[in-house]
Amino acid sequence: MIRKDAKARHLRDANNAFKTTAKAKPMTDFARAEQSFQENRERLKAERLAREDRAKESSK
């Protein structure tokens with residue numbers, strides 16, 4: 001009886017380990033637009049900082 005319970009516990013642990021993750025809810029139009037805006041803002045910020053660094057290097 002004890003062996004059967006131990007085996008069941010191992011099977012349960014294995015099933016939990018390989019269980020698929022919860023699916024994320026689909027993004028709303030607002031959330032998609034907000035994410036796009038934030039990604040674009042970060043990209044533009046990085047480009048601006050790179051431009052400013054190049055300008056500082058060329059002025060030295």
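Student: How far apart are Arg43 and Glu47 in helix α2?

Tutor: Arg43 and Glu47 sit 4 residues apart in helix α2, so about one helical turn separates them. Their side chains meet in a salt bridge at 2.9 Å, N to O (a Lys or Arg side-chain nitrogen within 4 Å of an Asp or Glu carboxyl oxygen).

Student: What should I know about the model itself?

Tutor: It's a predicted model, where local features need pLDDT of at least 70, side-chain atom pairs count only at pLDDT 80 or more, and totals for chains, interfaces and linings use all residues. Residues are numbered from 1 along each chain as its sequence is written, and side-chain values use heavy atoms, leaving out hydrogens and water.

Student: OK, how many salt bridges in the whole structure?

Tutor: There are 3. Another joins Glu52 and Arg48 at 3.3 Å, N to O; these two are also 4 residues apart in helix α2. Glu52 is partly exposed at 38%, as is Arg48 at 36%.

Student: And what does Asp29 pair with?

Tutor: Asp29 meets Arg32 at 3.2 Å, N to O. They are 3 residues apart in helix α2, which covers residues 29-59. Asp29 is exposed at 61%, while Arg32 is partly exposed at 44%.

Student: How much of the chain is buried?

Tutor: Of its 60 residues, 0% count as buried.

Key
Buried < 20%, exposed > 50% of the residue type's maximum accessible area, 1.4 Å probe, protein only.
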